[in-house]
Amino acid sequence: MFKLMRLEMRKFRIGTYIRAAVIANVVILALVCAISLNEEITQDVPFTSYGMAFSVIDTLVRGTYVVFAAVLLSRLVIDEFRSKSITVLFMYPINRKKLIAAKLLVVALFTLAADIAANLFIGAGFLLFNQFTDIIAEPITGAIAAHSLFVTVMSALATSLLGLIPLYIGMRNYSGAATVASSFFVVALVCQTADGFTLYSIIAVPIGLALLGAAVAYMSIRNIEHIDVLK
Amino acid sequence: MSVVRTKQLTRVYKGKEVVSNVNMNVGQGEIYGMLGPNGAGKTTVMKMLTNLIKPTAGEIELFGERLTDTSYRQLGRMGTIIENPIFYDKLTARDNLELHCEYLGYPNKMAIDEALELVNLRKVDGKLVKEFSLGMKQRLGIARAITAKPELLILDEPINGLDPLGMKELRDLFKMLSKQYGITIIISSHMLGEIELIADTIAVMNDGKLLQEVSMDHIAKQTSEYIEITTGECSKAAYVLENHLHISNVRVTDEGQIRIYDCPIPQSELMKALVLHDVAIEAVHKKKGSLEDYFLSIVNGGVVVV
């Protein structure tokens, strides 16, 4: 399985996506810093504690990587069906379920790792920024850091799975555009806030969506051996 | 031993039988040419042989074992091009072949050079596939199919998009692979001339049905020499030939020509007899039947036996 994943990453030049992710992180960091400065001026509240700041960062990162996951799905899975190169892949003496599972694992693990890395990078960047600007007055303690890290990892786990939901839409007619477009709906669902309340903070929502993502992944490989690949 | 055998292979698509009760028998080491017009069902059969689509009825045996949905091992013994050769366009030709070997678990990297050399693409192996012409992609597809030295090659219209010289090179390559390495090759085409030049056995398909599976040796006998007489009085001429000269191997074509196979008497005597019976003759030719005639006679029933 590891070899299949390695081949997928080689085939689709994963390096390009890592570079894109780094750029996205820098942009998010700049955005967070800009917002926090603006908040200081307006005295509107989101950046009053580290907990809130990290939550804003996590939301932005989540939104970004759900779309990122959809782009990866569209390249690794949908494009293979659309360009018919999947026929080449399915003529190898390798279990088809494994081939598709390897692709989905690459997407999910990339999302998981990128989500955590982005949170750490942007969080650290913001902490540094805060040293100079003192937007958040409270000191950063071990407890705050540990709690934030725990929340980030849990959230990233959920994101990595719910990022697979757009696959369901994309596979309907092998459309990469539909995959990415549907990811915006997922983002709208998991990243919205209204007066500081987010749907995502109800624990059942991320868990439910993560299970839905896992179900979509399972559905896509369940019958793959028995269907006509392309008519 | 049969490398490929199908029994009553049938595929229904949208209520129509696109492949209907096909019984194929492909022997070890032979070049098996599938011949038929577009839409005859050749590609569908090939897709079923490679497990890309599933038969509605009937069964397939590959290398003596029944092909099932999970027959992955058998796939590893084949090299294929189905429809147009498909590659990862943003990678180079060599990258594509390296990936192919990795997926097959084929360790010999030298084989990539050999395969590229055989199809004359050695010099452009570092080029991205998206910059390739259709002909080059066809060649690269063949290179990929033969890299890992498969036992069976399934090639769907592999000579499409090639110039005449390229066609000849590939023809020689297929013959070499068959003779030297004992690779069994199933090749489809709608170009009679090409199939005629390489196949050992020909399967004629039309409208989803396998009309005939016949060896080239047999066809060679069938398409022997004949005398063709063009006349406006076909039935009169046929009557004379049959009743006065006692020649039975006579056919009348749709175009109003008479063909006499295995003529037992000299051509001059034939002419004399016809003229004496007042048959107006426009032209007489001595001809050798081609596969085209044979093919048309099977597909369209274009030749009528008197």
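View 1. Arg62(A) is buried, as is Asp58(A), where buried means under 20% relative accessible area, exposed over 50% and partly exposed in between (1.4 Å probe, protein chains only). The two residues form a salt bridge in which the closest N and O atoms are 3.2 Å apart, a salt bridge being a side-chain nitrogen of Lys or Arg within 4 Å of a carboxyl oxygen of Asp or Glu. Both residues belong to helix 3 of chain A and stand 4 residues apart, about one turn of the helix; helices (H or I, at least four residues) and strands (E, at least two) are DSSP runs, numbered from the N terminus. This is a predicted model, in which local features need pLDDT of at least 70 and side-chain atom pairs count only at pLDDT 80 or more, whereas totals for chains, interfaces and linings use all residues. Residues are numbered from 1 along each chain as its sequence is written, chains are lettered from A and ligands numbered from 1 in the order in which they are written, and side-chain values use heavy atoms, with hydrogens and water left out.

**View 2. Lys103(A) and Glu80(A), a salt bridge between two helices.** The side chains of Lys103(A) and Glu80(A) meet at 2.6 Å, N to O. Lys103(A) lies in helix 5 of chain A and Glu80(A) in helix 3 of chain A, so this pair ties together parts that are 23 residues apart in sequence. Lys103(A) is buried, with a relative accessible area of 0%, and Glu80(A) is buried as well, at 1%.

View 3. Thr179(A) is placed in helix 8 (residues 176-191) of chain A and is buried, with a relative accessible area of 0%. Leaving aside neighbours within four places in sequence, the residues in contact with Thr179(A) include Ala70(A), Leu73(A), Ser74(A), Ile78(A) and Pro166(A), contact meaning heavy atoms within 4.5 Å.

**View 4. The interface of chain A and chain B.** The contact draws 32 residues from chain A and 30 residues from chain B. About 2,800 Å² is buried between the two chains, carbon and sulfur atoms giving 57% of this area; buried area is the accessible area (1.4 Å probe) that two parts lose on being put together, summed over both. Between chain A and chain B there are 5 salt bridges, including one at 2.8 Å, N to O, in which the side chains of Arg11(B) and Asp228(A) meet. The elements that give two or more residues to the side of chain A that touches chain B are helix 1 (2-11), helix 3 (50-82), helix 4 (85-89) and helix 5 (96-133) of chain A. Helix 1 of chain A gives the most to this side, with 7 residues.

**View 5. Arg5(B) and Glu61(B), a salt bridge between two strands.** The side chains of Arg5(B) and Glu61(B) meet at 3.4 Å, N to O. This pair links distant parts of the chain, with Arg5(B) in strand 1 (residues 2-13) of chain B and Glu61(B) in strand 5 (residues 57-62) of chain B, 56 residues apart. Arg5(B) counts as partly exposed, at 30% relative accessibility. Through salt bridges that share partners, Arg5(B), Lys7(B), Glu59(B), Glu61(B) and Arg66(B) are joined into one network.
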